[in-house]
Amino acid sequence: MTVSTTKTSANSATSPDSPDSPQEAGWPDRARRALGLKADVRNLSLLGVLAVLIAVGGFTRPAEFLATSNLQLVLTQASVIGVVTVGMTFVITSGGIDLSVGAIVALASVWATTLATQEYGFAGILFTAVVVGLACGLVNGLLIAYGGMVPFIATLAMLASARGLALQITDGRTQIVTVQSVLDLGLPDAHLLGIPPLVLVFAAVTLAGWLILGRTTFGRRTVAVGGNAEAARLAGIDVRRQRLYLYLLSGLCCGIAAFLLIVLSGSGQNTNGNLYELDAIAAAIIGGTLLSGGRGTIVGSVLGVLVFTTITNIFALNNLQSDVQQIAKGAIIVAAVLVQRRTARTDGT
């Protein structure tokens with residue numbers, strides 16, 4: 001009888017991307033519809049914010065902002081941090097945090113652009129970036145899941161170590177990419193079906209993340225671990241293994257993002273990915289993912305990325321100082337957290 005009660009508790013946390021989860025946990029259809037409605041309201045609110053920003057950009061700099069090339073630039077710039085944010089969303093949904101994503105992107109980008117790696121061409125650069133990301137994610141996962149370290153401390157240590165190693169590899173110098181097939185993907189006129197290749201990769205990662213979090217057992221286990229780890233364990237979920245997989249997933253996303261950044265910049269630098277961890281966390285939070293875990297939404301996180309990227313683009317076109325931009329981002333984050341707290345009180349959670 002105790003196990004049955006625990007299973008219900010473990011599955012009570014849900015993902016807005018997963019409308020079937022409440023039903024599987026024995027919730028009434030009315031509660032399931034209410035949850036989906038709240039998720040839609042959050043996403044519609046973000047779409048409203050995005051529409052306002054587009055209107056502001058179109059009003060202040062109509063010729064520059066509304067140009068097709070600029071809109072493609074916004075999407076391309078959103079692709080790198082967007083891929084990182086997808087992985088971060090999974091980690092935060094499980095109740096964890098990953099402060100090392102920016103440093104992992106930097107390390108993967110410089111390791112993949114050394115002269116020795118570039119000798120293996122396109123495949124060598126891509127393979128190295130992904131493997132380095134996975135290796136860092138594996139270390140994080142082992143320390144947190146099996147070493148018993150707090151995610152904040154473990155990923156903070158990885159942040160320092162990865163940044164230091166990236167600096168050691170480059171000796172503070174920029175590593176220029178000479179592989180033409182990689183550089184071709186980053187050209188302004190590089191398109192596939194009229195869409196930049198980086199945007200297509202971002203879309204594929206987003207779709208995969210949405211399906212995994214909202215439509216698979218892995219996603220439901222992630223939400224359950226974030227909602228109540230002990231209840232999830234008693235319900236039969238291997239919590240430690242699940243957390244290991246999640247940090248591996250985060251590392252994989254960092255590796256992919258590192259390759260996209262190499263394509264975009266045509267180089268590898270130890271300063272790559274600076275403050276990516278803060279941008280990814282902020283985008284996930286304003287998108288509706290609970291920082292305490294138990295609820296996550298890939299769609300909301302991606303909309304959060306687009307909001308921040310659009311703000312950056314508008315400020316750049318209007319030659320506004322970066323400090324004002326950071327203040328605007330901070331205000332949006334605070335507002336999103338306050339809305340989350342109000343929603344939590346309304347739900348009685």
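**Surface patch, covered helix and ring pairs**

On the surface, Val150, Phe152, Ile153 and Leu156 make up a nonpolar patch with about 360 Å² of accessible area together. Patch residues have over 30% relative accessible area and no salt bridge, with nonpolar side chains (Val, Leu, Ile, Met, Phe, Trp, Tyr) joined within 5 Å; a salt bridge puts a side-chain nitrogen of Lys or Arg within 4 Å of a carboxyl oxygen of Asp or Glu. Areas follow the Shrake-Rupley method with a 1.4 Å probe, and for residues only the protein chains shown count as cover. The model is predicted: local features need pLDDT of at least 70, side-chain atom pairs count only at pLDDT 80 or more, and totals for chains, interfaces and linings use all residues. Residues are numbered from 1 along each chain as its sequence is written, and side-chain values use heavy atoms, leaving out hydrogens and water.

Val150 sits in the loop between helix H8 (121-146) and helix H9 (151-170). Helices are DSSP runs (H or I, at least four residues), numbered from the N terminus.

Helix H6 (residues 101-111) is mostly covered, with 10 of its 11 residues buried. Buried means under 20% relative accessible area, exposed over 50%, and partly exposed in between. Among the buried residues of H6 are Val101, Ile104 and Leu107.

The structure holds 2 aromatic pairs (ring centres within 6.5 Å; planes under 30 degrees apart are stacked, over 60 edge-to-face, the rest tilted). Phe90 and Phe218 form a tilted pair, because their ring centres are 6.5 Å apart and their planes at 45°. Phe90 belongs to helix H5 (residues 68-93) and Phe218 to helix H12 (residues 217-227), 128 residues apart. Phe90 is buried at 1% relative accessible area, whereas Phe218 is partly exposed at 23%. The rings of Phe122 and Phe259 have centres 5.4 Å apart and planes at 75°, so this pair is edge-to-face.

Methods. Patches are made of residues with over 30% relative accessible area and no salt bridge: like charges are joined within 9 Å, nonpolar side chains (Val, Leu, Ile, Met, Phe, Trp, Tyr) within 5 Å. Helices (H or I, at least four residues) and strands (E, at least two) are DSSP runs, numbered from the N terminus. Buried means under 20% relative accessible area, exposed over 50%, partly exposed in between (1.4 Å probe, protein chains only). Rings of Phe, Tyr and Trp (its six-membered ring) pair if their centres lie within 6.5 Å; planes under 30 degrees apart count as stacked, over 60 as edge-to-face and the rest as tilted.
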